[in-house]
Amino acid sequence: MAILSVLDREHTVAPPGYSRWLIPPAALAVHLCIGQAYATSVYKTSLVKHFDTSQTAIGVIFSIAIVMLGLSAAIGGTWVERNGPRKAMFVSACFWATGFLVGALGIGTGQLWIVYLGYGFIGGIGLGIGYISPVSTLIKWFPDRPGLATGLAIMGFGGGALVASPLSRQLLSLYDDNYDPGNSASVAGGGALVALFLTLGLGYFVIMMFGVFNIRVPADSWRPAGFDPATVKQKALVTTNTVSAANAIKTPQFWCLWVVLFCNVTAGIGILEQASPMIQDFFRGDDGKSTVAVAAAAGFVGLLSIFNMAGRFGWSSTSDVIGRKPIYAMYLGVGIIAYFLLATVGHNSTVIFVLLAAVILSFYGGGFATVPAYLRDLFGTYQVGAIHGRLLTAWSAAGIAGPLIINGFLDREGKPGTLTAEAYRPALFTMVGVLAVGFVANLLIRPVAARFHERSESTMEAAK
């Protein structure tokens with residue numbers, strides 16, 4: 001259709017004088033919306049009651065979405081590179097919004113499988129395409145500071161829950177007079193959940209359209225003022241060559257980085273998924289009661305979200321200065337120490353516990369935001385978005401492994417609400433081992449061999 005031709009790559013080339021600082025807000029418009037995925041716990045209890053099912057059955061919705069994120073990013077990455085960020089963002093918005101609308105249908109009809117299909121499967125495709133859609137463009141606009149650029153956008157995904165959580169609570173209270181947004185145990189009715197999903201689906205679509213129509217790609221000859229491409233050669237592990245997505249997955253560097261991301265995410269998601277009950281269990285007295293109130297535990301979860309978001313921007317920006325390999329050595333090496341201390345002395349003080357958990361979650365967020373720049377360093381800018389999409393399968397795998405490790409140990413230790421810090425130690429020490437594997441994998445990363453480089457003139461022009 002002619003009307004959709006405005007989405008084509010050739011219609012998104014920025015005119016002379018266009019400010020590259022307009023690109024991160026466009027990317028943020030998409031990432032803040034799809035970051036809502038981290039806020040599903042707000043209405044999880046309401047869905048459990050509405051469908052009269054288990055928490056595990058409702059948790060499958062989120063699991064499907066994360067698995068589809070990785071798969072759609074991997075499969076659709078080359079398509080995103082070929083068609084450009086505007087069309088990719090539009091497709092993401094359509095899938096993401098449709099996921100909510102179909103999910104609302106499932107809630108309204110009492111059919112949980114339709115919610116799986118909607119928010120999980122369809123919405124998950126929107127998650128994956130939306131997550132990778134601005135990455136390659138940002139790196140091309142910021143060849144001098146790729147870590148800062150990708151951190152600005154991916155920070156939005158980590159911070160999406162900070163907006164979506166209170167917004168969802170207020171909307172539920174608007175649609176259901178019996179729902180108390182200040183009470184974590186309050187349950188909303190099915191009608192309110194349907195209205196919430198419809199509102200979020202339509203609202204997010206409108207916001208994502210802001211990103212769609214404001215995103216631009218730089219002209220082939222464009223360079224930032226004062227930037228000398230020759231300086232790139234002076235940095236270790238940073239290539240001036242290009243590698244295709246098809247060749248990238250044949251390199252040991254790709255798979256080492258896959259292991260690095262998998263380990264970093266597995267360790268972080270283990271705490272993120274269990275944060276609220278974990279802090280209460282760590283400080284449970286002999287009488288079985290926790291000294292940490294439910295409200296304080298909820299505040300702890302919010303604090304972790306802030307550190308998750310801040311780490312995405314702060315640490316990824318720092319990587320522009322010290323390099324990607326050293327920053328991952330810090331994520332994983334200091335993470336090992338933090339997990340060990342959490343297991344051994346974390347129960348002695350809530351301050352120590354919170355500080356250690358905050359450091360771990362900042363590294364978790366930083367790992368996500370730094371990895372696109374790491375890929376750019378190793379494989380160049382040609383098809384970096386497609387390579388990033390394939391690498392995100394590590395996130396899908398970690399999204400399954402992290403909770404399984406934590407919950408598997410805890411299930412053997414006792415029932416929820418009765419656990420203590422000691423019950424968490426086997427899981428936390430396991431995470432120390434997971435991070436150690438990632439640390440070694442990062443040490444093994446070397447420059448990509450010349451046989452994997454693209455050599456054709458047309459490819460080299462496309463990489464500019």
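Visitor: What makes the crossing in which α1 passes α4 left-handed or right-handed?

Guide: α1 passes α4 in a left-handed crossing. A crossing is left-handed if the near helix is turned anticlockwise from the far one by less than a right angle, and right-handed if clockwise. The model is predicted, so local features need pLDDT of at least 70, side-chain atom pairs count only at pLDDT 80 or more, and totals for chains, interfaces and linings use all residues. Residues are numbered from 1 along each chain as its sequence is written, and side-chain values use heavy atoms, leaving out hydrogens and water.

Visitor: Why are α1 and α4 called roughly parallel to each other?

Guide: They pack at an angle of about 20 degrees, with axes 11 Å apart. Angles under 35 degrees count as roughly parallel, over 145 as roughly antiparallel, 65 to 115 as roughly perpendicular and the rest as oblique. α1 and α4 are therefore roughly parallel.

Visitor: Which residues of α1 meet α4?

Guide: A26, A27, V30, C33 and I34 in α1 meet M89, S92 and W96 in α4. Contact means heavy atoms within 4.5 Å.

Visitor: How do you know that α1 is mostly covered?

Guide: Nine of its 12 residues are buried. Buried means under 20% relative accessible area, exposed over 50%, partly exposed in between (1.4 Å probe, protein chains only). Among the buried ones are I23, P24 and H31.

Visitor: Why is T109 called partly exposed?

Guide: T109 lies in helix α4. Its relative accessible area is 44%, so T109 is partly exposed.

Notes:
Helices (H or I, at least four residues) and strands (E, at least two) are DSSP runs, numbered from the N terminus. Axes are lines fitted to C-alpha atoms, for helices over the stretch in contact, and angles run from 0 to 180 degrees between N-to-C directions.
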